[in-house]
Amino acid sequence: MSTLFIGYTRFSVHQYESGSFKATSAAGGFSEAEYTDWLYAPDRLDTRTAIFIEESLPQLEQASQKFDLVHIVAISPSLPEKYKTALQQARTRYPFLRIHETKQRAAPSHPNLQLVKTMLTKRGLAGQVFGMYRLDDDDLLPIDYFDRMTQYVTDEHVGYRVSLPQGIGAIRAQNGYVLPWTFYEAKSSAGFLTVHRFSPDGQKIYGLEARHHLKGHHKADRNFPVILDGRQPGFFRARHQTQDSTLTTSAGAFFTRVVEQATARAAATQDDVASSFPHIAERIFDSARPLPGQESLIGDPTLLKGGGIAITCDYRHPMLLSGTLESAPASSTIRLRLTLEESPDEKAVEFLREAGFTRDDQSRFERPLRWAGHQITDVLEPAPGAIITGLELSSSEDVTLASLFAAPLKTDREAS
């Protein structure tokens, strides 16, 4: 008998009363109507639907070939019909998928237990051991996930939790990803596995949390033994603009912030991604050059000392800037200067200030260019409503720019 795994995803479940997210916390400041508008915003749900159906489900299908898999997706009755239809259509392509529409509160760590008991009973699994795992709608699991986890789904491990803490992250850009990195997060919710046994009489599931236990996957080791296996990548996490974790009262620039964070981490290689996440491997890029819509900003190697270079442009949305230097300067002396179409308002000035720029005159802003070694990786991100009409690069040293590319971080539809 193959091992049974029961997966669980809450697909933008409407839970305004929950305090688990920034959007529903007291600090979030959302009214219920504002929360609903945010939760069901088309750009938010389009991104999550694409990731879950086009990327995550194919990964699960390939991973589960030797196993018995049921993946339960909890949704609210108020989820817009467009997305209910997309999930139901995915159900026909992936027989392991179950859509559970519920008006009740959806628990964070496991699906409806009565639903689980019914599935176990129909499969004749009274007295048997099985695993349950969590998966957010914008995370992916590797194709060897069930192969690695099945060794822990045994009688001896009932009540145990298992975490694969080595992650790969990348920034969602257009319909793919850029700048993948590796990181370590013990007891991450992505793929967090719990081991259970169904009682012989079909009435009880052993290994569940009790009321007196501390809540939250990051505190799981204070309630149960937790196995950590970080030898290979255990999950992929998309970083995108519509996540709950990005909610902030700040006027700061999202892409500027996350690109800076990505370049500060250890880069993941194409082989790292391809071996564990083949269904997204062809859409992950390490620079602007391979991205759709990229443009080369210089024709020949250009000396930046003195006047440097000035480039005319028309950037209304975030652009990834990538390039190479023929030699690395001794110090951080390359200056990036932006010119806006018109003098910005206070919000736009604050936006650019949080992106590291200082005001040079009414419509010009500058800061050091971001580079490491011989590689340039930076972002040109105008404030909402602003247009970047020019950029300049200059240096006080003999620095030669060998190449420079810019590519949009959003599709035309996303940017509109």
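## Strand E17 and its two partners

In E22, Met319 has Leu380 as its bridge partner. This pairing belongs to a predicted model. Met319 also has a bridge partner in E24, namely Pro408.

Met319 lies in strand E17, which spans residues 319-325 and is mostly covered, with six of its seven residues buried. Six bridges link E17 to strand E22 (residues 375-380) in the antiparallel sense. Pairing between E17 and strand E24 (residues 400-408) is likewise antiparallel and extends over seven bridges. Strands of a sheet pair through backbone hydrogen bonds, in either a parallel or an antiparallel arrangement.

## The five-stranded open sheet

An open sheet is built from five strands in the order E16-E23-E18-E20-E19, with antiparallel pairing. From one strand to the next, the twist averages 30°.

Within this order, strand E18 (residues 335-340) and strand E20 (residues 364-368) run antiparallel and are joined by five bridges. Leu336 stands opposite Arg367 of E20.

## Packing of helices H2 and H3

Two packed helices are described by the angle and the distance between their axes. For helix H2 (residues 42-63) and helix H3 (residues 81-93), the axes come within 11 Å and cross at roughly 10°. Angles under 35 degrees count as roughly parallel, and H2 and H3 are therefore roughly parallel to each other.

On the H2 side, the contact is made by Pro42, Leu45, Asp46, Thr49, Phe52, Ile53, Leu57 and Glu61. The H3 side contributes Lys82, Tyr83, Ala86, Leu87, Ala90 and Arg93. Classified by residue type, the contact of H2 with H3 comprises nine nonpolar, one polar and four charged residues.

Asp137 is located in the loop between strand E4 (129-134) and strand E5 (139-140). Is this residue, Asp137, buried or exposed? Its relative accessible area is 2%, and the cut-off for a buried residue is under 20%, so Asp137 is buried.

The side chain of Asp137 forms a polar contact with the side chain of Arg48, at 2.5 Å. Leaving aside neighbours within four places in sequence, Asp137 is in contact with Thr9, Arg10, Phe11, Ser12, Arg48, Ile51 and Phe52. Phe52 is also one of the H2 residues that make the contact with H3.

Notes:
Residues are numbered from 1 along each chain as its sequence is written. This is a predicted model: local features need pLDDT of at least 70, side-chain atom pairs count only at pLDDT 80 or more; totals for chains, interfaces and linings use all residues. Side-chain values use heavy atoms; hydrogens and water are left out. Two strands pair if DSSP finds at least two bridges between them. Helices (H or I, at least four residues) and strands (E, at least two) are DSSP runs, numbered from the N terminus. Axes are lines fitted to C-alpha atoms, for helices over the stretch in contact, and angles run from 0 to 180 degrees between N-to-C directions. Buried means under 20% relative accessible area, exposed over 50%, partly exposed in between (1.4 Å probe, protein chains only). A polar contact is a pair of N or O atoms within 3.5 Å; within protein, one must be able to donate a hydrogen and the other to accept it, and residues adjacent in sequence count only if both atoms are side-chain atoms. Contact means heavy atoms within 4.5 Å. Angles under 35 degrees count as roughly parallel, over 145 as roughly antiparallel, 65 to 115 as roughly perpendicular and the rest as oblique. Ala, Val, Leu, Ile, Met, Phe, Trp, Tyr, Cys and Pro count as nonpolar, Asp, Glu, Lys and Arg as charged, and the others, Gly among them, as polar.
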